[in-house]
Amino acid sequence: PKVAVIIVAAGSGQRLGYGLPKAQVPLGGRTILEYALQGAVESGVADRICVAVPAGDTALRAICARFHSPVPISTVDGGASRSESVRRALAGIGGGPGGVLVHDAARALTPPEVFRRVARALAGGASAVVPAVAVVDTIKTAAPSGPDQQQIAAEKVAGTPDRSLLRAVQTPQGFDAATLAEAHRNAAGLDPDGITDDAMLLETIGQEVFLVNGSPLSLKITSPLDLVVAEALLAGQQP
Ligand code: CTP
Ligand code: MG
């Protein structure tokens, strides 16, 4: 079964510092949004695509309007937070039964196979599926250091989670659309900046979230260094 695909592209790209909404930033002679759209379209899993763009934006809307796609691409005004943008795009896909994949435009180089892998697990009966990769760094939790330790450093280590249990999660994340919409309605009271992905909303209501293999190519273009890496990947060079 086909799924609806939401692409959230309404962020401002503060950390990239390009002076343009991130989805509009040039990449490989096109834009970040066009690469994200290409992955979704090439995967063949989408029956419709809805893109959340910055409120009032015309440039990204124009890109969507002229993008060559066999399936319809609609746009909605995004919100002040990623989760609000997802909520608005969920309204934009028009409800109905079936699955939805929620993808970050910033993960512009995500291989079509990752979309297919997520959609396959949804079709297999999961109501939430997340692509993930193993964590290579040792991750520590931090806490403020004591008042008498401030001259050493502001923070100290609070703990070291077992790395073998940690996964870095990516997008597209796949959901039963009705379940995701309900989770977003329930989340209306939460701090929107604390909602960094959609799966966490389902975890809090006790839904199982399944993990499938992500890809190193799904890196989230966040900082100028990430843009250099993405350009190098497109040029076929090893970054
Ligand atoms: N996003 C969105 N609406 C928002 C904020 C973010 O649709 N209000 C989208 C971004 O466009 C991006 C994805 O969510 O595709 C992940 O967000 P992030 O990488 O943080 O992008 P930005 O918010 O644009 O970047 P920054 O935080 O550096 O400003
Ligand atoms: Mg952001």
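Which residue has a polar backbone atom 2.9 Å from an oxygen atom of ligand 1? The residue is Gly11. The model is predicted, so that local features need pLDDT of at least 70 and side-chain atom pairs count only at pLDDT 80 or more, while totals for chains, interfaces and linings use all residues. Residues are numbered from 1 along each chain as its sequence is written, chains are lettered from A and ligands numbered from 1 in the order in which they are written, and side-chain values use heavy atoms, with hydrogens and water left out.

**Ligand 1 and its shell**

- Ligand 1 is surrounded by 18 residues (a residue is near a molecule if one of its heavy atoms lies within 4 Å of it).
- Val8, Gly13, Gln14, Arg15 and Ser85 are the closest of these.
- By class, the shell holds 6 nonpolar, 7 polar and 5 charged residues (Ala, Val, Leu, Ile, Met, Phe, Trp, Tyr, Cys and Pro count as nonpolar, Asp, Glu, Lys and Arg as charged, and the others, Gly among them, as polar).

**Contacts and burial**

- An oxygen atom of ligand 1 lies 2.8 Å from a backbone N or O atom of Val8.
- For Lys22, a polar side-chain atom is 2.9 Å from an oxygen atom of ligand 1.
- The protein buries 86% of the 570 Å² that ligand 1 exposes when taken alone (Shrake-Rupley method, 1.4 Å probe).

**The largest pocket**

- Ligand 1 takes up the space of the largest pocket (more than half of a molecule's atoms must lie within 2 Å of the grid points).
- A pocket is an open set of points on a 1 Å grid over the protein atoms alone, where a 1.4 Å probe fits, with protein on both sides within 12 Å along at least five of seven lines; lining residues have an atom within 4 Å of a point.
- The volume of the largest pocket is about 1000 Å³.
- Its lining comprises 43 residues, with Arg15, Arg82, Asp104, Thr196 and Lys220 nearest the centre.
- Two or more lining residues come from each of helix H3 (82-92), strand S10 (167-169) and helix H6 (199-204) (DSSP runs, at least four residues for helices and at least two for strands).
- H6 gives the largest share, 3 residues.
- The lining divides into 21 nonpolar, 12 polar and 10 charged residues.

**A cis peptide bond**

- Thr171 and Pro172 are joined by a cis peptide bond with omega near 5°.
- Pro172 is placed in the loop between S10 and strand S11 (173-176).

Key
A polar contact is a pair of N or O atoms within 3.5 Å; within protein, one must be able to donate a hydrogen and the other to accept it, and residues adjacent in sequence count only if both atoms are side-chain atoms. Grid points are joined across faces, edges and corners, and a volume is the space filled by probe spheres set on the points.
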